[in-house]
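I opened this one to see how the chains are built and where they touch. These are my notes, in the order I looked things up.

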Amino acid sequence: MTGRLGLLVAGSVAEGLSARLDPAVPIEDVRLGKFVKIVGQKYEYFCLVTDVQLDSANNDVLRDPPGDPNKIDAFLRQVLSGTTTYALVKLKPELMLANLAADMQFEDADMVPRPARTIPPHFSNVSDATLADFERVFGRDDGKNHFQIGQPIDMDVPVCVDLRRFVERSNGIFGKSGTGKSFLTRLILCGVIKASAAVNLIFDMHSEYGWSAKNEEGTEVKGLSQLFGGRVAVYTLDMESSRGRGVKPAGEIKIALREISVADIALLQDELRLHRTAVESAALCEDKLGDDWVARLLDMNGEELTDFANLEGGNHASLSALRSKLRLIDRLPFVERSLERSTLDQVIAQLERGQHVVLEFGRQRNLLAYILATNVITRRLHELWVKKTERYWNTKDEADRPRPLMITIEEAHKFLNSEAARQTTFGTIARELRKFYVTLLVVDQRPSGIDAEVLSQIGTRITCQLNDERDIDAIFTGVSGGSHLRTVLATLDSREQALVLGHAVPMPMMVRTRKYDPLFYAAIGGDSAEVVLARSRRYEEIFGDE
Amino acid sequence: MPLDLLDLSTQVRQMGEQLARRRADEQHRLELLDAMLADYRDRWEELADLAETVTERVAVPTGPLDERVPPDVRPPRYTALATDGAEIDPDRHGGSGEFYLINVGRVRIPYGQPERDVELRSVSSLGYTDEDLFIVDPRDPRRQVPMRDRHLDALRTVEELRALADLAESEVGARNIRAEDASSGQEVSVRKATAAQSAPAIALVDGTLLFSVLEERPRDFLRTRFYTDFVHQLERLRRAHVPVAAYASRSRGIDLIHLFRAVCGSTPLVCEVCSGAHACAMRGLNDAQLLGRWLDRWDRTGLFRVRSNVHDPYYGGHRVYFFLVNTGDEIARVEIPEWVARDQASVALVHAILVDQCAKGFGYPAVLARADDRAVISLGDRDVLDTLVQQELARQGVVARPSAKLSRKQVRTV
Amino acid sequence: MSHNGIAHVEPGLTGEVVEASTSEFLAQALELDAAPPFGAFVEVAADDALTVYGVVAHVQTAGIDPGSRAIMRGHGDVRDERIYQENPDLPLVLRTTFRALVVGFTEGQEIHQFLPPRPARLHYSVFTCPPLTVRRFTREGLEFFQALLTASEVPNDELLAANLRYIAAETGEGQAFLERAGRELAQLLRADYARLTAILRRCLAPGETV
């Protein structure tokens, strides 16, 4: 399907380019987000289609259009289309690259795609991008640094993200509910795992990443540990639930009360329905009661509480409320008063060794549990990684260099809203930009809920369909020249299409997401496609077509 | 624009008044003459005898004066032959050299005979030899008359008839071939007759059969030269059995007037008709006005013979007769040689065909109009000829010098 | 009907050049009333190497002599063809002439759609172009439309429409050609939509299948 589309006729760097579609090219074949190439005299420009317009060379046509059903008008319409009446395609030039056919010397810098700083001359040829063009821009899926995330909407070529650059920053996967964020997340994680670009810790709220899960049609899809075997360990907060689903977790995670800090409480304000004063009270408790403040507060009876309040100048009502809310935490199955040995250490050890960890929540998929556990554990990890990094800076010994750690969290806006961002580790991690070798992969359907400053630190955004204007605005926060793509974003199909932009791709790209299916398993897992297909056929024979 | 239009317009107005008066007067006189005609209607033999005694040229009646003959239905198939001519005089004023050009238009139109071709041709001939340029007295070779002006006209007239005779002979020849093809096994004469009946032909010229040749001295050689030749062509036509006629449009012939003048001696005082008017009632009138008024459209008068002392000695059996015919727009005069006049069928054929021809030709025989078209020499044609001649002279090394008058005609000096 | 005595007529022979200039030529038709149709392609040699192509832009029947004029000859029930039967001399004093606008030429193998270096030669024979020639000429390009649109003293729009109908029919390309031609015209007449539609409407004969 590669071929010429039309000619460049107008435009500017600031406002984008206008190309006139050739008469032979049907307007309906050109969709928003299409990847096209413009060949200038010196450079080639890679662009996205950001708008399609109807226009006419002569306004008289529109005042007196040939609209009758008779033969003559039908003939007129045929003739006029593409000549007097034609389509204009608006293009945003993203990258420019040396045009090797041009008769001139290029610097090395010109030989790789760079952001477009100028525009091609009038009447430059506009055509579909070829497979070669995609590879030049996005690289080939080589199982190492480039990972295919999908294909362009109208072509059968791979679009790859640069995994090295992906893990250099925190990233986000966004989209309304039901748009396939979890599949995208699985894809990305598989890519990162296969390339060993970073070690992953996934806080799996719905227990869908570690082991198999069902997709919307009810088909079973494989989990990370099924695909990668021993390289991925599954831990759980709810052993019973995990076992019940046939998962064999490597261990159960528990949290001791003393691990809970004021910051955690602050983060849980909404979930616990705590008054703001509660946080102050918590701070007071921690200050006065020490590390075990939670246990000690919980153990106080009414009198003791009153005394404490009076003694330390706290608000009794607030403290009381705090205490009752803390009971909710206490009652969480995975929260223990004290722990002899923390299974968390095991997790940490595995992460240090380069093994990826999925933490299932089983039945504890409520927000309270999720936020609490995630925050507590992440804080610990972060502290640890900071120490390791500082040590590495001192010794400068490669062996001391910490492994890059990527933490996947869902419901990210709970952790990264403006208030929380200041207080939680997550905000810190995001802002640190992997200074300490920790990055986030946030998965969220309300990006507008995420603090703007944090958003601007998010390196790569992979977005499925969003409707809310504010959510769409959020996607482009911190990205230059993104406004052209708003229309593109708004028209994404509800499933299977995504917009990728940011640090890990040289230019924004609209893709049909790669299918998470047996062929993918084969590509990731190393099985040949035939084996996988045969296996799935046998599965169907036995279990029937689900 | 040298005409003084302002002055002329005054004169034209005066003339108009005069013309009107003349018309009125004419009408009056014609009424008088009608009475005279009525009187002489049956006394035509008396008039015929009288005519023989007159020296001037007069018309001789051959039947009652008021004879009116309607035309027969035209034959479904017939062939009309016609010729006409034009000439270029040896140019006294020009320097191209001594020569004359005679251009004869030859036309043959077969009507109702879709299988046959139409012929529209011009035959141009240059006269430049000594024999061409001078008419020599056969009795006295020193006596030579240059072939120009009136004499050239006469020559042209003869050439027209010669071409007509050529046409007639080839027509008959072709017809016989067709007849032979069509009907073999019949008697020759029968075949010829059948052929003639199937598509009769007539030959036409414009003007008169009684053309004039100026003689400087009586019984000179010029008339002999021209009339003999002319009559020879008439004889060829006769032998070919193709009736020939001369057609004069809007005839101004006065042969009949002359006859009546002979009756009254041209003295109005004693004339019963004029009864003392100061001028003869017939003054200024012509035969057409006299006889033609009571002709219905397409009718012809009876035949009149022309008694001409000039022509009769030469013409013999080709003595000229005429009748007048009403074409609707005008009265035309048709002249035929005696051998046609004596054959009623031929006269009727000529009449019927002329009627058809005038209908097709909007009042003038169509075939004659075509012949005239082919004969006319335009100014452009003259220039072409001059150029041709000059180129040839130049090739021969002869320089042509135009006369002063001609030069001035071509370029007006101020 | 005789052809001036030419007994055997070559296929396609339609007339003889009687006037010629760089941009047009006038030909007398071989037979009265038998000129090629308005809008048709004709060709004539300028010499051995050069063949000039023209489009018939004007057809006229009149007297051969410049001064002569046709006047009504019908009377009674003598009308139409009977007039020609009654006056067999008519075809000899009338002639049908057609004027063709020069739209291109070939020299050797190349077809060009601009004016030739030399005009057609007087008295050379004019032929209607066979369908193959028309197809080759129009495949070469449609630049000649400009010549038809801007010629003076011809009904330009009618001529172009007639030419388009002619090409569509002669080459058998029908609707496909009309669309291609229509697009070319849309470019030429982009400033004059009304004129464009007027011409395009004339291109489809009524009752034609699209």
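Predicted model: local features only at pLDDT ≥ 70, side-chain atom pairs only at ≥ 80, totals over all residues.

Below I go chain by chain, then through the cores and the contacts.

**Entry 1: what kind of model**

**Entry 2: chain A overall**

I started with chain A and asked how many helices and strands it has. I got 23 helices and 23 strands for chain A. Next I looked at burial: of the 546 residues in chain A, 46% are buried. I also checked how far apart in sequence the contacting residues are. Taking contacts in chain A between residues at least 6 apart in sequence, 69% join residues at least 24 apart.

**Entry 3: the nonpolar cores**

Which residues have the most contacts inside the largest nonpolar core? I found Leu405(A), Leu416(A) and Val500(A), in a core of 150 residues. Helix α15 of chain A, residues 367-395, gives the largest share of this core, with 9 residues. There is also a second, separate core, this one of 98 residues. I jotted down some of its members, including Ala86(B), Leu164(B), Ile257(B) and Cys280(B).

I then went back to Val500(A) and left out its neighbours within four places in sequence. What remains in contact with Val500(A) is Ile149(A), Val161(A), Ile462(A), Val505(A), Pro508(A), Met509(A) and Val511(A).

**Entry 4: two helices of chain A**

I picked a helix pair in chain A: α10, residues 276-289, and α13, residues 316-331. Their axes are 9 Å apart and the packing angle is about 85°. Angles of 65 to 115 degrees count as roughly perpendicular, so α10(A) and α13(A) are roughly perpendicular to each other.

Which residues meet there? From α10(A) I listed Thr277(A), Ala278(A), Ser281(A) and Ala282(A). From α13(A) I listed Ser318(A), Leu319(A), Ala321(A) and Leu322(A). Sorted by class, the residues of this contact between α10(A) and α13(A) are 5 nonpolar and 3 polar, with no charged ones.

**Entry 5: chain B overall**

Chain B has 14 helices and 13 strands. In chain B, 38% of the 414 residues count as buried. For contacts in chain B between residues at least 6 apart in sequence, 70% join residues at least 24 apart.

**Entry 6: a helix of chain B**

I took α6 of chain B, residues 222-239, and checked its span. This helix of 18 residues reaches 26 Å from its first C-alpha to its last, close to the 26 Å expected at 1.5 Å a residue. The buried residues I noted in α6(B) are Arg223(B), Arg225(B), Phe226(B), Tyr227(B), Phe230(B), Val231(B), Gln233(B), Leu234(B) and Leu237(B). Just after α6(B) I came across His241(B), which has a positive phi of about 60°.

**Entry 7: Glu171(B)**

Is Glu171(B) buried or exposed? It lies in helix α4 of chain B, residues 150-182. I counted 20 other C-beta atoms within 10 Å of Glu171(B). The cut-off for buried is 20 or more, so Glu171(B) is buried.

Leaving aside neighbours within four places in sequence, I found Glu171(B) in contact with Thr79(B), Leu81(B), Arg108(B), Ala201(B) and Val242(B). I looked at one of these again: Leu81(B) is 90 residues from Glu171(B) in sequence, while their C-alpha atoms are 8.8 Å apart in space.

**Entry 8: chain C overall**

Chain C has 7 helices and 7 strands. From the N terminus on, I read the order in chain C as β-β-β-β-α-α-β-β-β-α-α-α-α-α. Buried residues come to 34% of the 210 in chain C. Of the contacts in chain C with a separation of 6 or more, 71% are between residues 24 or more positions apart.

How values were computed. Residues numbered from 1 in each chain as written. Chains lettered and ligands numbered in written order. Core = buried A, V, L, I, M, F, W, Y, C linked by C-beta atoms within 7 Å. Buried ≥ 20, exposed ≤ 12 C-beta atoms within 10 Å, placed from the backbone. Helix = DSSP H or I, 4+ residues; strand = E, 2+ residues; numbered from the N terminus. Contact = placed C-beta atoms within 7 Å. Axes fitted to C-alpha atoms, helices over the stretch in contact; angles between N-to-C directions. Parallel < 35°, antiparallel > 145°, perpendicular 65-115°, else oblique. Nonpolar A, V, L, I, M, F, W, Y, C, P; charged D, E, K, R; others polar. Expected span 1.5 Å × (residues − 1).
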